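Please read them against the coordinates.

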Amino acid sequence: TSDYLIAPSILSADFARLGEEVDDVLASGADIVHFDVMDNHYVPNLTIGPMVCEALRRHGVTAPIDAHLMVKPVDRLIGDFIDAGASYVTFHPEASEHIDRSLQLIRDGGCKSGLVFNPATPLSFLDHVMDKVDMILLMSVNPGFGGQSFLPGTLDKLREARRRIDASGRDIRLEIDGGVKIDNIAEIARAGADTFVAGSAVFKASNPEDPHRYDGVIDDF
Ligand code: DX5
Ligand code: ZN
C-alpha cells in the first residue's frame, strides 16, 4: 500500500453531467471515484444514493467506486451499495449499532470495508476490528459539505493511524477527506496518508468548456 491514490469527490462535480465529469477525471489520471452519500439525518445535507452509483456503472465506469456513507442507520444501504457496484463501502462508527456486523456485511458482499473517523471521533473504535477493515478514512473536516478548510489536528491523528496500521502488519489503506489541496497534500502524505480525497480542489479548478481540464489538476497532486 505504499502507492498513492487520488480519489476525486464527485460531491463537487456538476451533477447535471455526472457521467462525463467522472470520465474526465479518470481520463486525467484519477484512481478512485469518491462517492459521498448524505442523508439529511446523520449529516445536514442530502446527496446521492445507490441508484446513481449503479448509473455510473451502467455508464461504463470501471474504476473503483469508494462509497462514503454518511447515513444512519447504515446496514440496509450497505446491501444496496454492494448491489449497485460499489468497490469500497465505508461508514461512521457512530452510525452503526453493531460495527463488527456492518463491517462483516460489507466484506460478505465482496466489497472492501472501511471505518470513517470524524475529527472528534477516537481511533479506539479500531481496537477490536483491525482484521475487518481494508481502509481507514480520517475526516479532516466535519462531514456534510465540500469546500471546508483542513483541520490541522488531523496530522497527528494520521500519524497515530499510520502507527496502528504498521503495527497490525495488515494491508489497510489510510485515506484522508476534507480540505485536501495541492499546497497541503505533501504534508498530509508525510503524516501517513496514502489515499487522498479532493473535491473542490479538483472539480472547481478549471474551465468547464475544456474537455481535458482536469489533466493538469490531477498531475499536480
Ligand atoms: C465531506 C465529504 C468530502 C468532501 C470533500 O463531508 O466527505 O468528501 O467532498 O470536499 P473538499 O475536498 O472540497 O473538502
Ligand atoms: Zn467523503
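1. Two strands count as paired if DSSP finds at least two bridges between them. The model discussed here is predicted.

2. Strand β2 (residues 33–38) and β3 run parallel and are joined by 6 bridges. Within this pairing, M38 lies opposite M70 of β3.

3. On pairing with strand β4 (residues 88–91), β3 again runs parallel, here with 4 bridges. The bridge partner of L69 in β4 is F91.

4. Is strand β3 (residues 65–70) mostly covered or mostly open? It is mostly covered, with 6 of its 6 residues buried. I65, A67 and L69 point one way from β3, while D66, H68 and M70 point the other way. Side chains in a regular strand alternate between the two faces of the sheet. Residues on both sides of β3 are buried, D66 and H68 among them.

5. Which residues come nearest to ligand 1? Of the 21 residues around ligand 1, these are S9, P143, G146, G199 and S200. At least two residues of the shell come from each of β2, β8 (195–198) and α7 (200–203). By class, the shell around ligand 1 has 12 polar, 7 nonpolar and 2 charged residues.

6. To tie the points together, β2 both joins β3 through 6 bridges and supplies at least two residues of the shell around ligand 1.

Conventions: Residues numbered from 1 in each chain as written. Chains lettered and ligands numbered in written order. Predicted model: local features only at pLDDT ≥ 70, side-chain atom pairs only at ≥ 80, totals over all residues. Buried ≥ 20, exposed ≤ 12 C-beta atoms within 10 Å, placed from the backbone. Near = placed C-beta within 6 Å. Nonpolar A, V, L, I, M, F, W, Y, C, P; charged D, E, K, R; others polar.
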